[in-house]
Amino acid sequence: MSHPAIHVLAGAHGHQGAYDSWGSLALDLHLLAGPEVLLPLLRTHTARDEAFLRSDDSVEAGVLVDPVRRELLLFAREGASATMSTRSAALTLLRHAWPEWQVRWVYEGQTGLRARLGLDPADDHSTTGTSYPLFPLGPGELADVEPMTAVVTIGADRCHVLDLGADHPLAEGPDLPRRLDDAPRHTAYTARAGAGLHIDPARRSVGWWLLGAQPRAERAAALWAGWTVEFWEDSWSEHVRAAGGRFAPPAPDHAAALADVRDDALELWAGPRDMRAAVVAAAPGALVGHAYLPPVTAGQAAAARVVIEAAHRAARGRRPGR
């Protein structure tokens, strides 16, 4: 099973990109190496593949780097930047690793990157285009570790927890409360989550947030015709306020999260590596293309570690979000 991502290098004369079979794994930790290390790797990588875009439903992460505009756009469905306990820390470190660049999360995933490139966001060749209902979880089905869950609160007295799949529960439209009538209910949900939705039937209003990406989010919001739909981006605190105590995740420890993300990034950049050679060695004779970042040299790994350490020093003592 692969973990696909796309890498895009944009500039004054257009763009070029590459598909990476395993690129979604630790994409944000790769980016913490900063532009001096990453740009040469991306230039080599993206020059190999012209047909890099895939179905939006199948892409788990992506990054667009524009050295002319000094713009870094990214999204991921998993990893430090898509996890409640470390998201703020990961994005803070990224902004310090890419100083004087605009670092922005693309909540619509590859759909958003298509729009940024001037392509038709709808021309994604997706095979579905529809949402599949998320599986409700009862109080006894939640794992001890930070789960990939979506929290749905309805009115003043309902709280449901869903197994977060490819689509946000927003994409089910206003029939969602009725579908969940017989689903397990929680008095309150006090763990972390990856997405959330608050529905106020009396006011016909919906507020939603997520840490990953929702392809074609505008299409999902349009399903709620006649409702007021407010997107809270990654501000789960808005959901906490609206839910009246039924959603109360623990506050992240920002200092500890900064250290955790730094340590994971340092481990990733511990030394030289060649993913393609490793795959060939593990499966002799296999047909292996170029869907991997180019080899990392010892010098590049050392330079990345310097950037990561400097970003951590700069981030310490600063309040989250600044």
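Before counting any bridges, here is the rule behind the word "pair": two strands pair if DSSP finds at least two bridges between them. Keep in mind, too, that you're looking at a predicted model.

With that rule in hand, take strand S10 (residues 205-210) and S11: 4 bridges join them, and the two run parallel. One of the contacts to look for is Gly207, whose bridge partner in S11 is Glu230. In general, strands of a sheet pair through backbone hydrogen bonds, either parallel or antiparallel.

Now zoom out from that one pairing. S10 and S11 belong to an open sheet of 6 strands, and if you read across it the order is S6-S8-S7-S9-S10-S11, with mixed pairing. Strand S6 (135-137) and strand S11 (228-231) are the edge strands, each pairing on one side only. Going from neighbour to neighbour in this sheet, the strands are turned by 25° against each other on average, direction ignored.

Follow the chain on from H7 and you get to the aromatic part of the story. Searching the whole structure turns up 7 aromatic pairs. Among them is the one between Tyr189 and Phe247, which is stacked, with 6.4 Å centre to centre and 15° between the planes. Why is this pair worth a look? Tyr189 lies in the loop between helix H5 (176-179) and S9, while Phe247 lies in the loop between H7 and helix H8 (254-268), so the pair ties together parts that are 58 residues apart in sequence.

Next, the other sheet. Here 5 strands form an open sheet, again with mixed pairing, in the order S2-S1-S3-S4-S5. Its edges are strand S2 (14-20) and strand S5 (102-105), and each of these pairs on one side only. Neighbouring strands of this sheet are turned by 15° against each other on average, direction ignored.

At the S2 end, strand S1 (residues 5-11) and S2 run antiparallel and are joined by 7 bridges. The two form a hairpin with 2 residues between them.

How many cavities of 30 Å³ or more does a search of the whole structure find? The answer is 1. The largest cavity has a volume of about 40 Å³, and its lining is made up of Ser24, Glu60, Ala61, Ala76, Arg77 and Glu78. By class, that lining divides into 2 nonpolar, 1 polar and 3 charged residues.

How values were computed:
Residues are numbered from 1 along each chain as its sequence is written. This is a predicted model: local features need pLDDT of at least 70, side-chain atom pairs count only at pLDDT 80 or more; totals for chains, interfaces and linings use all residues. Side-chain values use heavy atoms; hydrogens and water are left out. Axes are lines fitted to C-alpha atoms, for helices over the stretch in contact, and angles run from 0 to 180 degrees between N-to-C directions. On a 1 Å grid over the protein atoms alone, a cavity is a set of points where a 1.4 Å probe fits but cannot get out, and a pocket is an open set with protein on both sides within 12 Å along at least five of seven lines; lining residues have an atom within 4 Å of a point. Grid points are joined across faces, edges and corners, and a volume is the space filled by probe spheres set on the points. Ala, Val, Leu, Ile, Met, Phe, Trp, Tyr, Cys and Pro count as nonpolar, Asp, Glu, Lys and Arg as charged, and the others, Gly among them, as polar. Rings of Phe, Tyr and Trp (its six-membered ring) pair if their centres lie within 6.5 Å; planes under 30 degrees apart count as stacked, over 60 as edge-to-face and the rest as tilted.
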